[in-house]
Amino acid sequence: MGCYLLEENMRPCTEEELHGQTERQYVAVMTTPEWQKSRDRFDMGIELEPDVGNIHNTKAEVNYDSLTGTFQIPDRQALTERDHRFAFALDEKGVVFIDDSGMAEQMIETIRRTKRWREPSLERFLYDFLELVVSRDLPIMERYEAELDAIEDEILASEGEGDLARVNEIRGDIRELLVHYEQIIDMTQELEENENGFFTEKNLRYMHLFMNRMARRHDSAVSLRDHTMQVRDLYNAQLEVRQNRTMTLLTVVTTIFMPLTLIVGWYGMNFRYMPELEWEFGYPLVIAISVVIVIASLIFFRKKKWL
């Protein structure tokens, strides 16, 4: 169990000290067994028994005298494969994280080491905590943007060759981020509503500030998702161009040989009174006519830019 009082920074304290004071708001993080043992001392009037296997999203729910919720945070190293899940409960006195993975405690420790507050409050802590959840996303999206640009250049340079599988992977990751952002926005809206009056009107600006930041982050993710679709469309367009060129070439070849096929079929009939069959210059003449047809066809198709 980790307990902290919100002062100029997060000061570690004991559980007895946490419950023995009423001036400072607190942050506590504990495992599920620790919460089951100590929850009555936090006096939140809830029977919260988080089951990591049943946590499927990030959300917040308003209760009579508390606010509870869960976090499902995709692992930024493998967005579609792993995630971190934990629950929380808060009231006007502080917030308790119930976490068996250690993720929440790691984030709280990061805040304790890196943040100092002129006006410490629970709202400011929640702002920093939520900001830490998405703090690494901009570099990820910038890296994806650079990858998509490189793939796009490769498609244009090689006329259709590109790593479409990687584009699909990026699109899947961005889709995961978008779902995550939408859930965080819904959670922040629930906090901003302040139905139970746990937050002061002055400090609600932190929720509003984070909402605006998440809206911009969401828009960036939508633009990146659209970019992946544009790259896929470009790939398909270049592929169609290549196929059309192949079909054009086959059509030209077929068109050139159609008259030759007609000549072959004509003189392959071998009627008895065909004069060319016994004419001395018949064979060379057919060859010459065939060559002239081929050369004339090539010149015609070249002028039409079909070759």
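Me: Why does Ser-290 count as buried?

Reply: Buried means under 20% relative accessible area, with exposed over 50% and partly exposed in between (1.4 Å probe, protein chains only). Ser-290 has 18% relative accessibility, so Ser-290 counts as buried. The model is predicted: local features need pLDDT of at least 70, side-chain atom pairs count only at pLDDT 80 or more, and totals for chains, interfaces and linings use all residues. Residues are numbered from 1 along each chain as its sequence is written, and side-chain values use heavy atoms, with hydrogens and water left out.

Me: Where is Ser-290 placed, and which residues does Ser-290 touch?

Reply: Ser-290 lies in helix α8. Helices (H or I, at least four residues) and strands (E, at least two) are DSSP runs, numbered from the N terminus. Contact means heavy atoms within 4.5 Å. Leaving aside residues up to four places away in sequence, Ser-290 touches Leu-260 and Ile-263. Its C-alpha atom is 9.7 Å from that of Ile-256, 34 residues apart along the chain.

Me: In which helix of the protein is confidence lowest?

Reply: pLDDT is the predictor's confidence in each residue, from 0 to 100. Confidence is lowest in helix α8 (residues 282-303), at a mean of 82, and highest in helix α4 (residues 122-133), at 95. For the protein the mean pLDDT is 86, and 95% of its residues reach 70 or more.

Me: What makes β2 and β4 edge strands?

Reply: Two strands pair if DSSP finds at least two bridges between them. The open sheet has seven strands in the order β2-β1-β3-β7-β6-β5-β4, with mixed pairing. Strands β2 (10-13) and β4 (59-62) each pair on one side only, and these are the edge strands.

Me: How many bridges join β1 to β2?

Reply: Four bridges join β1 (residues 2-6) to β2, and the two strands run antiparallel. Tyr-4 stands opposite Pro-12 in β2.

Me: Which strands does helix α2 lie across?

Reply: Helix α2 (residues 32-42) lies across β3 (26-30) and β7 (94-98), at about 145° to β3. Axes are lines fitted to C-alpha atoms, for helices over the stretch in contact, and angles run from 0 to 180 degrees between N-to-C directions.

Me: Which residues of α2 are buried, and why are they said to line one face of the helix?

Reply: Thr-32, Trp-35, Ser-38, Arg-39 and Phe-42 are buried. Seen down the axis of α2, the buried residues fall within an arc of 145°, so they line one face. The arc is that of the directions from the helix axis to the C-beta atoms. The cover over these residues includes α1 (15-19), β3 and β7. The face turned away carries the exposed residues Pro-33, Lys-37 and Asp-40.
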